[in-house]
Amino acid sequence: MRVVLAEDLFLLRDGLVRLLEAYDFEIAAAVESGPELTKALAELAPDVAVVDVRLPPTHTDEGLQCALRARRERPGFPVLVLSQHVEQLYARELLADGSGGVGYLLKDRVFDAEQFVDALRRVAGGGTVMDPQVIQQLLARRAADDRPLGRLTPREVEVLELMAQGRSNAAIAGQLVVTERAIGKHTSNIFAKLGLEVSDDDNRRVLAVLAYLDQGR
Amino acid sequence: MDMNRARTVVTAGLRGLALALLSLYGSLVLFVLMVVSLVLVPVGIGLITTPWVLAGVRAHADRRRLFAVEWCGVRIPVEPSGAKSWKGTFRLLGWLFVDMTAGFVTALVPAALVFYPLEGFALAFGLWRVFTDGTYVGWWYGFVPVSGQGSALLAGLLGVALLVASYFLTPALLRVHFLLTRAVLAPGQGELAERVRVLTETRRDAVDSSAAELRRIERDLHDGAQARLVAMGMDLGTIEALLEKNPAKAKELLARARRSSAEALGELRDLVRGIHPPVLAERGLGDAVRALALRMPVPTEVDVDFEGGRADAPVESAAYFAVSEVLTNAVKHSGADRIWVDLHHAEGLLRISVTDNGGGGAVVGAGSGLSGVGRRLGTFDGVLAVSSPAGGPTVVTMEIPCVLS
């Protein structure tokens, strides 16, 4: 799988390159600024891009803007956005087109190499991956005034959190050390309680849950 | 006779003439318009016309300030920014009145000293014949009755005297006009003293709060991230020692070290958000307030009318933290279930209003969060106003003078 990587700090860029190469990704280009990223995305046609939100020369949200532009030109082009901080505002902008293939993670998630690589693979495969902090912020806000959410059991909330991050039933089962069937039961309970339509498609499921958590704002 | 001096004198005379015309006609017309406009305020028409006339008067006064500096080096201070008050308006009105009377005279005198002698010379060289046949007083030149060649020569002599006087006095007399203008038009000492007092106070507040902020950051770093990094280094040392002897224990410690690093990162992230929120740096005030609203436990709507416009970083930061404080206040104390934030920029003024539908009763008093906000905005000549009747709603309005780029 060919990856274009954009990160301005040398140490992090170097570390990411090593990490991804160790997991058999092919690094098509590792760049350090917005214009270089735009050029690399246009010329190299990678399978997925890993992009830092803040890039030179402006040191504003140049990376995010590049990613959004690339996805407008090629709808569904898989992008994993990394940042030192997560914002609902940015998550929303990334999710707005509803076409999947989007990830938004804190840079800290790189600490767990397996999970990070797994997230990147899911994004490249058209899935949606949201940082646990995004989900927790959404949940904390909704929980205050949302009755259906209040009816979920603590276990179901746990499953909902993992589901919203973009995990499949099998992955959730692995994480919580239960059977996949048990998770299947939890998810159908959650969908029933929240009044959402059940979907077998993992990505559509994530988007439905995220939309539910983000509605009314 | 020095030619340069002569040129200066003649120029000053011409300028005096121009000023006299400007004072008489410009100020008179504007004074009348202004009085009429103010009188019409109660019937409503004045409300529309007064700002127009006032803008004209300000332009008139500004032109005079320009002449004062360019012609005589007299600097006439302007109103302190943000103080376009009634006081200033009445000062302008008073100046118009003085300018069309005393101002006219002080402008005319230097002009007359230069040009009046010409008439005296003309009389001496025979112009007197137009007025009299030599038997009666047909014309007065200054205080000299002209009744024939003899008295006409006297008039010429007076002309010479005046010309000599003008050679020495005209530039200084023109300066008198501008000194008079300054006396009437410049803001009084009282207002300047008030301005100095406000500046001293806000500067002290700014220094105090930035010192307190630095202390807080130092403490947070010292007790938080720094301590965690020390613990992590220690754990890594232990791991190194245990690697061979007790791999299981080493693995356990590794997991702990990783947790410590994640926690240190989390603490640094919170600290950074408190110093300068990343969204503010990346997107500017509008989106930073939007992101802030998304974090609020109470549904908060944000309306921004200057998409993409950026203020200076210190102003953005002050405005952001002010909004943040006001929102936190509203969430904690008002009991509101809906909040609206409106950011608006016009005519060099950033105006932010935060409205909640809670119980009201918010006060700006000693120790309240709102008075702290007001103090910090003061550094930027910003102001804060609170309207919060019992039963709500509460509207907190903040205004900061600034330009957007």
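Modeller: Gladly! Let us begin with a term: two strands pair if DSSP finds at least two bridges between them. Please keep in mind that this is a predicted model, with ipTM 0.84 and pTM 0.67.

Biologist: What is the order of the strands in the open sheet of chain A?

Modeller: Six strands line up there as E2-E1-E3-E4-E5-E6, and their pairing is parallel. On average, neighbours in this sheet are turned by 15° against each other, direction ignored.

Biologist: How do you know that strand E5 and E6 of chain A pair?

Modeller: Pairing takes at least two bridges. E5(A), residues 102-106, and E6(A) share three bridges in the parallel sense, so they count as paired. In one of these strands, E6(A), Met130(A) is the bridge partner of Tyr104(A).

Biologist: What is the pairing in the five-stranded open sheet of chain B?

Modeller: The pairing is mixed, and the strands follow the order E3-E4-E5-E7-E6. E3 (300-304) and E6 (383-387) of chain B are the edges, each with pairing on one side only. Strand E5 (349-356) runs antiparallel to strand E7 (394-401) in chain B, and eight bridges join them. In E7(B), Ile400(B) is the bridge partner of Leu350(B).

Biologist: Which strands does helix H10 of chain B touch?

Modeller: H10(B), residues 313-334, packs on the sheet and touches E3, E4, E5 and E7 of chain B. Its direction makes about 10° with that of E5(B). Helix H11(B), residues 369-378, also packs on the sheet, touching E6 and E7 of chain B, and its direction makes about 155° with that of E6(B).

Biologist: What makes the crossing of H2(B) and H3(B) left-handed?

Modeller: A left-handed crossing has the near helix turned anticlockwise from the far one by less than a right angle. The axes of H2(B), residues 45-72, and H3(B), residues 86-131, cross at roughly 60° and come within 11 Å. The crossing of H2(B) past H3(B) is left-handed, so the near helix is turned anticlockwise.

Biologist: Which residues meet there?

Modeller: Leu54(B), Val57(B) and Ala61(B) of H2(B) meet Thr89(B), Leu92(B), Trp95(B) and Leu96(B) of H3(B). Six of the contact residues are nonpolar, one is polar and none is charged.

Biologist: What is the mean pLDDT of chain B?

Modeller: The mean is 87, and 97% of the residues of chain B reach 70 or more.

Conventions:
Residues are numbered from 1 along each chain as its sequence is written. Chains are lettered from A and ligands numbered from 1 in the order in which they are written. This is a predicted model: local features need pLDDT of at least 70, side-chain atom pairs count only at pLDDT 80 or more; totals for chains, interfaces and linings use all residues. Axes are lines fitted to C-alpha atoms, for helices over the stretch in contact, and angles run from 0 to 180 degrees between N-to-C directions. Helices (H or I, at least four residues) and strands (E, at least two) are DSSP runs, numbered from the N terminus. Two residues are in contact if their C-beta atoms, placed from the backbone, lie within 7 Å. Ala, Val, Leu, Ile, Met, Phe, Trp, Tyr, Cys and Pro count as nonpolar, Asp, Glu, Lys and Arg as charged, and the others, Gly among them, as polar. pLDDT is the predictor's confidence in each residue, from 0 to 100.
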